[in-house]
Amino acid sequence: MNLQSLGLVSAAVAPAVVLLGGVALRPRYPYWSQPGLVLLGLVGGCLAAAAALGLETLLTMRPWEIANLGGLAFFTLAGVGLVEEGTKFLALRGLLWLSIHESYDGIILATAVGLGFGGIENVSYVLDMGYDVALARAFTAVPLHGMLGVILGFYLGQARVWEQLHGRTHWGLLGLGLGTAVLGHGVYDFLAFQSSPVAESLLWGGLVGLVVWSWRLIVLSRSWSPSWGGADSPFAEAFYVAPRLVPRSAWRAGLLGLIPGLGQWYNGEGQKAGYLALAGVLNGLLFVGLWWLVADPQTALLTLLGWGLLLGPQPGEFILALQQSPVLIIVGMLMVSLSLLGAVDAFWVARNNRFDYLQAPALRVRWLESLALAYGGHLLALLLLVLVPILGGGGGRGQDQASGSPPPLVFDLVSEPTALLGHDNRPAGQPQGQDRQNRAARPEVKAPATDPALGLQTKPQPGEAAQTAQGVPHSYNDYISGELRRAQDQYDIYFSRLLPGEYTVVQYRISSTGEVYDVQVLAEHTNAPPQVAQLAIEDILRLNPLLPPPTQGREVVVTELFWRYEQVGTPESLEDQLSRLSDGRRIEVQE
């Protein structure tokens, strides 16, 4: 190994060593806790990484067809999260289970396994991609493996202590630890595999939240471990002095409980109220988001696209299947059941004076765990009964494949404009828009209304007037213009270097799935300098990918003029013809 490779390996391993020291070092004592077992945990993590690599290789021998966010979520949870966290779980159970004697031992050893896994994984990345990747992963992937180890070890440590006390396995704690780690890993990869600003913000926010939660679990687990100055067991009954009982009206509590969390807040059960309110907010957001996709798919999809999110190459088919599925009914039933649960609980508690603040904190958690399991079961049912069949291509219940119903996302290819506007909303042609041929010009490539094979429509569809009033384009041409304006700063760079009288004509193709390719400058119709014309190409490449064109599986060729809204070229030349079209763009459907 040369000096550079040694430096890369050191950079890859260093974050794991630092984080492991923070977890395993005893602040109150001048020595390490079980150094031999910690080393065995690191070795177990390396073995888990090798096993995970083999399993992932087998799972990806046939490439996964990830067509939308749902498919990506399934892949990151089942193909990555379950495999990697499952191998860590097996390493702990197989190599280190009998070495756990108190709660915090589970965190130390699980973190060692996680950081051993993350360190080996990081070495492979860093040797391949260099120091920049080492720096990025030092703050993301490696700490993630360590924090997931903390979560897994927190529950496994408790399960081992329970087993020592009662002589039987606590499968609930084992499953909760593994499931939480798999979910955390899957969500991280789901966000990391996307490049949108929304996903990136959620990723960093999630990592910060995971840091806070992991530290909370470390402090709590140490309080249950005698070697760290804590109690004998997490299951020991603590002495608790209850506050004074405050009677409440049962009927008022029940009525308020129809709003998740409000009845519990009235009863003085703050912790329970917070969890129910959070579940209610999640239900509401889920219902509103699904209703938006079903009721107004075009606005929803364009908004998601603006956030960098895409529901796959055929979003129209996905929305159609979603519309014909019982997804809104299931989520609505979930909301109703949660409201009834809150109302019944608030009424029963107030009537019988069984407020949770009269119990020790450890006993209150049981109700919350039951709620979390029930809520998770509802969401799992939603996933299995509705979303999996849709994502698998089966569609929703009651879908008639032979009905020929058009997808809910409908674009005209080119709109019938009332005013021809350029990319920055200025009138095309003359600066004041007074040129009569510009005002009266009709797009030359308008799709024929009599060609049903193309599935194109030249008249506005029902609801398009309202969509247009909201600023949502109903033509594919206007949609492309809107996407160009999203990167206005980069787009303005081209015009800042374009001299009066100069222009560029760019031609590119859009596939039936929305992929932009074969972008080129038509030199015989361009007088801008090559370095300026290249900026126009970069503007077009930034569009990739777009929503699929409304051409029933056919690709389109787009010829576009980048100019300063003045007369260009000789009469009847290509550039002259383009300057008289909406946004200087010609769209042709390929046979």
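Predicted model: local features only at pLDDT ≥ 70, side-chain atom pairs only at ≥ 80, totals over all residues.
Figure 1. In the pairing with S4, the bridge partner of Val556 is Val589.

Figure 2. The side chain of Arg509 forms a salt bridge with that of Glu555, with an N to O distance of 2.7 Å. This pair links distant parts of the chain, since Arg509 belongs to strand S1 (residues 504-510), whereas Glu555 sits in the loop between helix H20 (530-541) and strand S3 (556-562), 46 residues apart. Arg509 also meets the side chain of Asp518 in a salt bridge, here with an N to O distance of 3.6 Å. Arg509 is partly exposed, with a relative accessible area of 24%, and Glu555 is partly exposed as well, with a relative accessible area of 21%. Both values can be read against the 20% cut-off, because a residue counts as buried under 20% relative accessible area. For Asp518 the relative accessibility is 42%, and this residue too counts as partly exposed.

Figure 3. The side chains of Lys272 and Glu269 meet in a salt bridge with an N to O distance of 3.3 Å. Lys272 is buried, with a relative accessible area of 6%, and Glu269, at 0% relative accessibility, is also counted as buried. The structure holds 10 salt bridges. Returning to Arg509 and Glu555, whose side chains meet in another of these salt bridges, the comparison is with a network elsewhere: salt bridges that share partners join Glu269, Lys272 and Asp345 into one network.

Figure 4. Most residues other than glycine have a negative phi, and most peptide bonds are trans. The peptide bond from Asn544 to Pro545 is cis, with omega near 0°, and Pro545 is found in the loop between H20 and S3. Asp518, which lies in strand S2 (residues 516-521), has a phi near 55°, a positive value in a residue other than glycine. Glu572, again not a glycine, has a positive phi of about 70°, and its place is in the loop between S3 and helix H21 (574-579). Glu572 is exposed, with a relative accessible area of 56%, whereas Asp518 is partly exposed, with a relative accessible area of 42%.

Figure 5. When residues up to four places away in sequence are not counted, Leu95 touches Leu40, Gly44 and Leu47. Val43 is 52 residues from Leu95 in sequence, and the two C-alpha atoms are 9.8 Å apart in space.

**Figure 6. The whole protein, as context for the close-up views.** The protein contains 21 helices and 4 strands, and buried residues make up 47% of its 591 residues. Among the contacts with a separation of 6 or more, 78% are accounted for by residues 24 or more positions apart. The accessible surface comes to about 29,500 Å², and 63% of this surface belongs to carbon and sulfur atoms.

Conventions. Residues numbered from 1 in each chain as written. Heavy atoms only, no water. Salt bridge = Lys/Arg side-chain N within 4 Å of Asp/Glu carboxyl O. Buried < 20%, exposed > 50% of the residue type's maximum accessible area, 1.4 Å probe, protein only. Helix = DSSP H or I, 4+ residues; strand = E, 2+ residues; numbered from the N terminus. Pairing = 2+ DSSP bridges. Contact = heavy atoms within 4.5 Å. Areas by Shrake-Rupley, 256 points an atom, 1.4 Å probe, with all protein chains shown as cover.
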